[in-house]
Amino acid sequence: MPTPSTRAPRRDAAANREAILGAAAGALNDDIDASLESIATRAGLSRRAVYGHFATRDELLVEVFTRGARRLAALLDPVSHPDPLVEIALFGATLWAEVEHIRVSAALAVRGPHRELVGTALDPARARLRNTVRRGMESGHIRTDLDRETVTRLIENAAVSVLDEATRARLTPEAGHRLVMLAGLGAAGMGWREAGELIASTPELAFGGMAPASEGERR
């Protein structure tokens, strides 16, 4: 018979935790300063119930952000294409499909006070991108006037900048999809005309080619 320390959590407790995390992700996107009270209300729970799972608001934010980053890294892991430039565009499109509905909180996750923890969770994705950049440099498809680490960071930062611009300009999902690919390809050394032609001529890069995750899958 399992001891209390090894017994699986009760179904209702696990469901409550999931409800809190889902509510927090949505609430933070609507109001980055959302309180625990508003998150609890959105989850259909009491503030006391939230404190039963997370001792502080900060602890809840860390869990929301790092879990989202781990999920994103897992989604990017199978992305692959023989052309490293198309692969970079696919990375950007996959990122956008996952976070465009929570673009405000996603930007905070990678730029805010918890960026180091989020960055650690994204390390596997960063390693994939670094390898793609290496392939592109070796084949002559990606710029070689800068070192690999710098180019990798430029591509990563370009994608993050799109989240800011998408929020500021209220870009549609389709416009954000295109912009995140153009930004990443530009950082990799492509001219804007070349990048546009590559996107237009590559079926895999068409908007809607990758369906966004369902609400249940995001959690």
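Which residue forms a salt bridge with Glu18? I looked this up first. Arg67 does, and the closest N and O atoms are 3.0 Å apart. I count a salt bridge when a side-chain nitrogen of Lys or Arg is within 4 Å of a carboxyl oxygen of Asp or Glu. The pair links distant parts of the chain, 49 residues apart: Glu18 sits in helix 1 (residues 11–30) and Arg67 in helix 4 (residues 57–76). Helices here are DSSP runs of H or I with at least four residues, strands are runs of E with at least two, and both are numbered from the N terminus.

Notes on the source. This is a predicted model, in which local features need pLDDT of at least 70 and side-chain atom pairs count only at pLDDT 80 or more, while totals for chains, interfaces and linings use all residues. Residues are numbered from 1 along each chain as its sequence is written, and side-chain values use heavy atoms, with hydrogens and water left out.

Accessibility of the pair. Glu18 has a relative accessible area of 29% and Arg67 one of 22%. Glu18 is therefore partly exposed, as is Arg67 (buried is under 20% relative accessible area, exposed over 50%, partly exposed in between, with a 1.4 Å probe and protein chains only).

Other salt bridges. I find 13 in the structure. Arg126 takes part in one with Asp123, at 2.8 Å from N to O. Arg126 and Asp123 are three residues apart in helix 8 (residues 123–139), so about one helical turn separates them. Arg126 also meets Glu156 in a salt bridge, at 2.7 Å from N to O. Since Arg126 lies in helix 8 and Glu156 in helix 9 (residues 148–169), this pair ties together parts 30 residues apart in sequence. Salt bridges that share partners also join Glu87, Arg128 and Arg135 into one network.

His114. I find His114 in the loop between helix 6 (103–111) and helix 7 (115–121). His114 is buried, at 10% relative accessible area. Its side chain makes a polar contact of 2.8 Å with that of Asp58. A polar contact is a pair of N or O atoms within 3.5 Å; within protein, one must be able to donate a hydrogen and the other to accept it, and residues adjacent in sequence count only if both atoms are side-chain atoms. Leaving aside residues up to four places away in sequence, His114 touches Asp58, Leu61, Val62, Phe65 and Ala109 (contact means heavy atoms within 4.5 Å).

Asn29. I place Asn29 in helix 1, buried at 17% relative accessible area. A polar atom of the Asn29 side chain lies 3.3 Å from the backbone oxygen of His101.

Nonpolar core. I take a core as a set of buried Ala, Val, Leu, Ile, Met, Phe, Trp, Tyr and Cys residues joined through side-chain atoms within 4.5 Å. The largest has 62 residues, of which Leu60, Ile142, Ile155 and Leu185 touch the most other members. Helix 5 (residues 84–99) gives the most to this core, with 10 residues.

Helix 10. Helix 10 (residues 173–187) has 15 residues and reaches 21 Å from first C-alpha to last, close to the 21 Å expected at 1.5 Å a residue; the expected span is 1.5 Å times one less than the number of residues. Among its buried residues I list Gly176, His177 and Leu185. Their cover includes helix 5, helix 9 and helix 11 (192–201). Just after helix 10, Gly189 takes a positive phi of about 115°.
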